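Grab a pencil and work through the exercises below. Try each task yourself before you read its solution.

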Amino acid sequence: MINPDEKTVLVFQGGGALGAYQAGAYEALHEAGIRPDWLAGISIGSINAAIIAGSPVDKRIDNLRTFWHRVSSGLVGQALGPGDMMRKWFNETSAFLGSLTGVPGFFKPRAFAPWAIPGDPMAQISLYDTMPLQETLVELVDFDIINSGAIRLSLGAVDVMSGNFNYFDNLHQPFSAKHVAASGALPPGFAPVEIDGRYYWDGGLVSNTPLQRILGGEELESDFCIFQVDLFSARGALPKDQFDVEAREKEIRFSSRTRLNTDQFRKLQTIRMAAKRLVEKLPDALKDDPDARMLEKIGNDSAVTMVHLIYRQASYESHSKDYEFSRLSVEEHWKAGHDDVVRTLNHPDWQSRTRPTNGIRIFDLCQIHGGEKKS
């Protein structure tokens, strides 16, 4: 039987245009009546998380659709013919046009206003202006809702000057569009975003998933059910050409290292659970001992259930998949995320789940051997 006090957490990895997969996954969770208590994101995951956390419940899907419809409005056509080769050419053309002319509601090339570059230090260290993204966020995200703390929101970014990873958290500071944009300011394309005198780049430079934030231990005051929605798979085939090399390198660099994080958490949580049991067994005369108080402080018996959802690359996609914003691809990614969640929630293993007894249990019910995605 599941603990009724279990908190639902959504963890969104960075991945540019692939973020539509997360939007589709959330739509299916929303349709199933699953409401998040905490959202954590990096880069495009931060944008999706902010739209969800900063929208009334009945407007969350509409606002996500508005965002993804807008950023995919630059190319709304279809491939000129069937087959992977025609689709690959379509995607590469879309990515090229986006890099040349920008993405509506997201970013525009600095080259469109070369006269402004000499007087703007940020323009001199970036290729694109992301002010359109901040304007879109102001339109679609109600930051009063976020700052009310009704849903916890944690977004990862990197301090440019110190190199330190930093989390913006609405439990500790008020949010604005700048905090969301900072989490997605990936160089050299995007300039760092200034917040309170510090400059921040995309959190994916250090860690492309905020899972470690959730599993750190300090926040484990109850059982968690975590839906981690990744956009890059750590597993993949041996590259066949230079384009495959670039795609595979990007997947390895930005994949989340979920197994490492969860293995470390399992070991640590085993110690925490043992510490809690030990303190409960101590006689009263020893419970005030400093070592006992330390064990009591770190001890807990919280259980974590994690659902791992991973976008798996289609055969016609290449290294440009994270900056290819055609309407066709966005709709495909959205549907893939939706279908993976539906498949997971309907799986017998999920429907018969019980509370984990050893700290954590992981469900990866859409995983296909060999890294291929089921059609």
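A residue counts as buried when its relative accessible area is under 20%, and as exposed when that area is over 50%. Keep in mind that this is a predicted model.

**Exercise 1. Find out whether Asp196 is buried or exposed, and say where it sits.**

Step 1: Locate the residue. Asp196 is in the loop between β7 and β8 (198-202).

Step 2: Look up its relative accessible area, which is 72%.

Step 3: Compare with the cut-off. Exposed means over 50%, so Asp196, at 72%, is exposed.

Step 4: Check the backbone too. Phi of Asp196 is near 50°, a positive value, and the residue isn't a glycine. Why look at that? Because most residues other than glycine have a negative phi.

**Exercise 2. Describe the surroundings of Asn170: which residues does it contact?**

Step 1: Start with the place. Asn170 belongs to the loop between β6 (165-169) and α7 (177-183).

Step 2: With a relative accessible area of 7%, Asn170 is buried.

Step 3: List the contacts. Setting aside neighbours within four places in sequence, Asn170 touches Ile146, Gly149, Ile151, Arg152, Leu153 and Phe175.

Step 4: Pick out the polar contacts. The Asn170 side chain reaches the backbone oxygen of Ile151 at 2.9 Å. A polar atom of that side chain also lies 2.8 Å from the backbone nitrogen of Leu153.

**Exercise 3. Work out what kind of peptide bond joins Pro187 and Pro188.**

Step 1: Find Pro188 in the loop between α7 and β7 (193-195).

Step 2: Read omega for the bond between Pro187 and Pro188: about 0°, and the bond is cis. For context, most peptide bonds are trans.

**Exercise 4. Describe how helix α3 and helix α12 meet.**

Step 1: Two packed helices are described by the angle and the distance between their axes.

Step 2: The axes of α3 (residues 60-71) and α12 (residues 327-345) come within 9 Å and cross at roughly 150°.

Step 3: Name the residues involved. Leu64, Arg65, Trp68 and His69 of α3 meet Arg327, Val330 and Trp334 of α12.

Step 4: Sort them by class: four are nonpolar, one is polar and two are charged.

Notes: Residues are numbered from 1 along each chain as its sequence is written. This is a predicted model: local features need pLDDT of at least 70, side-chain atom pairs count only at pLDDT 80 or more; totals for chains, interfaces and linings use all residues. Side-chain values use heavy atoms; hydrogens and water are left out. Axes are lines fitted to C-alpha atoms, for helices over the stretch in contact, and angles run from 0 to 180 degrees between N-to-C directions. Helices (H or I, at least four residues) and strands (E, at least two) are DSSP runs, numbered from the N terminus. Contact means heavy atoms within 4.5 Å. Ala, Val, Leu, Ile, Met, Phe, Trp, Tyr, Cys and Pro count as nonpolar, Asp, Glu, Lys and Arg as charged, and the others, Gly among them, as polar. Buried means under 20% relative accessible area, exposed over 50%, partly exposed in between (1.4 Å probe, protein chains only). A polar contact is a pair of N or O atoms within 3.5 Å; within protein, one must be able to donate a hydrogen and the other to accept it, and residues adjacent in sequence count only if both atoms are side-chain atoms.
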